[in-house]
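Please read them with the structure open.

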Amino acid sequence: MRSGITSRARRALGEDIGIRRAGVRDTKRLTRLVRASRAYEGPYAPMVAGYRVGHDYVETHRVFAAVGETTDRLLGFYSLILDPPEIDLMFVADDVQGAGIGRLLIGHLRDEARGAGLSEVRIVSHPPAEGFYTSVGARRAGTVRAAPPAVMWDRPELVLPVG
């Protein structure tokens, strides 16, 4: 399960971190992580208020979870769509942001995408997350306009090279 564990993350959390394929047994924890995200407070709250990561989602998508290896604590996750190549979801638990979990997930995502023969992955970012994505090498490609009532704000569109 071990995958590119950063010493920074290990020191911050006091245990090794691994990335594994998320399964049906993880859906409630994935959903809680999405709904509890401070990034979706205030005007963004309606976006995740009723959001659910269901069994069908993890069975039909490439969903990977970063977990503590001894505690199995969910630290973050991402979902990669291969056709067309896109990050569908990516969340890191609020209390471990800044510990390197997001970078660990991006490294894993790049390995997965490269293994699938992809050269880049599209990201339609939550506006506050754009800085993180650019810090890991994504470049701005445009803007995805608001689409009320589902999404009430414009979002940055980025491209993440995986080569």
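**Notes on the predicted model**

1. The structure holds six aromatic pairs. In one of them, the ring centres of F132 and Y133 are 5.3 Å apart and the planes meet at 65°, so this pair is edge-to-face. Rings of Phe, Tyr and Trp (its six-membered ring) pair if their centres lie within 6.5 Å; planes under 30 degrees apart count as stacked, over 60 as edge-to-face and the rest as tilted. F132 is partly exposed, at 26% relative accessible area, whereas Y133 is buried, at 7%. Buried means under 20% relative accessible area, exposed over 50%, and partly exposed in between (1.4 Å probe, protein chains only). One aromatic cluster is formed by Y40, Y44, F77, F91 and W153.

2. On the basis of these notes: this is a predicted model, in which local features need pLDDT of at least 70 and side-chain atom pairs count only at pLDDT 80 or more, while totals for chains, interfaces and linings use all residues. Residues are numbered from 1 along each chain as its sequence is written, and side-chain values use heavy atoms, with hydrogens and water left out.

3. Seven strands make an open sheet in the order β1-β2-β3-β4-β5-β7-β6, with mixed pairing. Its edge strands, β1 (17–21) and β6 (139–144), each pair on one side only. On average, neighbouring strands are turned by 25° against each other, direction ignored. Strands (E, at least two residues) and helices (H or I, at least four) are DSSP runs numbered from the N terminus, and two strands pair if DSSP finds at least two bridges between them.

4. What does β3 pair with? Strand β2 (residues 62–68) runs antiparallel to β3 (residues 74–82) and is joined to it by six bridges. In this pairing A66 stands opposite G76, and R62 opposite L80. The two strands form a hairpin with five residues between them, and D72 in the turn has a positive phi of about 60°. β4 is also antiparallel to β3, through seven bridges; there L82 stands opposite P85, and the hairpin has two residues between its strands.

5. β3 is mostly covered, with seven of its nine residues buried. Helix α2 (residues 27–36) packs on the sheet, touching β1, β2, β3 and β4 (85–92), and its direction makes about 95° with that of β3. Helix α5 (residues 101–115) lies across β1, β2, β3, β4, β5 (120–124) and β7 (155–161), at about 30° to β3. Contact means heavy atoms within 4.5 Å; axes are lines fitted to C-alpha atoms, for helices over the stretch in contact, and angles run from 0 to 180 degrees between N-to-C directions.
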